[in-house]
Amino acid sequence: MDFQLNIYGKDDEIVKTYQTAHVRWGVFIKAVQLQEELKDADTEKQFASIAAFVMKLFDGMTEEELEAADAFDVMAVFTQLVNKAKGIGKNA
């Protein structure tokens, strides 16, 4: 499974793409923990936590780059990984 996130320039052109096919175990565990922690959190905490998580998934990503990513793509990457984690428990 590949995870990918485009970073856009001021004219909406893609200036960089982060991609990984490997999710480190610590990142995977953090995704599961975040899903539980964020259920009752306010929106600001949810967004900050997801941002920090996505930056860990894509090694070397900066805050400035993340700010230039499409918001729906960022949420899709997080959801994709959380759904993958949920699927593991069902297959065990």
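**Overall form and local features of the predicted model**

The accessible surface of the protein amounts to about 6,200 Å², and 52% of this surface belongs to carbon and sulfur atoms; the areas come from the Shrake-Rupley method with a 1.4 Å probe, and for residues only the protein chains shown count as cover. The structure is a predicted model, in which local features need pLDDT of at least 70 and side-chain atom pairs count only at pLDDT 80 or more, while totals for chains, interfaces and linings use all residues. Residues are numbered from 1 along each chain as its sequence is written, and side-chain values use heavy atoms, with hydrogens and water left out.

The protein contains 4 helices and 2 strands, arranged along the sequence in the pattern β-β-α-α-α-α. With a radius of gyration of 13 Å, close to the 12 Å that the globule rule gives for 92 residues, the protein is as compact as a globular protein of that length. Helices (H or I, at least four residues) and strands (E, at least two) are DSSP runs numbered from the N terminus; the radius of gyration is taken over C-alpha atoms, and the globule rule is 2.2 Å times the number of residues to the power 0.38. Along the principal axes, the C-alpha atoms fill a box of roughly 45 × 30 × 20 Å. Of the 92 residues, 32% are buried, where buried means under 20% relative accessible area, exposed over 50%, and partly exposed in between (1.4 Å probe, protein chains only). Among contacts (heavy atoms within 4.5 Å) with a separation of 6 or more, 57% join residues 24 or more positions apart.

In the strand region, Asp 12 is found in the loop between strand S1 (3-8) and S2. Asp 12 counts as exposed, at 61% relative accessibility, and its phi is near 65 degrees, a positive value in a residue other than glycine. Most residues other than glycine have a negative phi. Thr 20 belongs to strand S2 (residues 14-20) and counts as buried, at 13% relative accessibility. A polar atom of the Thr 20 side chain lies 2.9 Å from the backbone oxygen of His 22.

Helix H1 (residues 25-37) has 13 residues and spans 18 Å from its first C-alpha to its last, close to the 18 Å expected at 1.5 Å a residue; the expected span is 1.5 Å times one less than the number of residues. The buried residues of H1 are Val 27, Phe 28, Ala 31 and Leu 34. Viewed down the axis of H1, these buried residues fall within an arc of 125 degrees, so they line one face of the helix; the arc is that of the directions from the helix axis to the C-beta atoms. The face turned away from the buried side of H1 carries the exposed residues Trp 25 and Gly 26.

Helix H2 (residues 43-57) has 15 residues and reaches 21 Å between its first and last C-alpha atoms, close to the 21 Å expected at 1.5 Å a residue. Ser 49, Ile 50, Phe 53, Val 54 and Leu 57 are buried in H2. An arc of only 135 degrees around the axis holds these residues, which puts them on the same side of H2. Glu 44, Phe 47 and Lys 56 are exposed on the other side of H2. At the start of H2, a side-chain oxygen of Asp 42 comes within 3.2 Å of the backbone nitrogen of Glu 44.

Ala 71 lies in helix H4 (residues 71-91) and counts as exposed, at 51% relative accessibility. Ala 71 and Ile 7 are 64 residues apart in sequence and 11 Å apart in space, C-alpha to C-alpha.

How values were computed: Polar contact = N/O pair within 3.5 Å; in protein donor to acceptor, adjacent residues only side chain to side chain.
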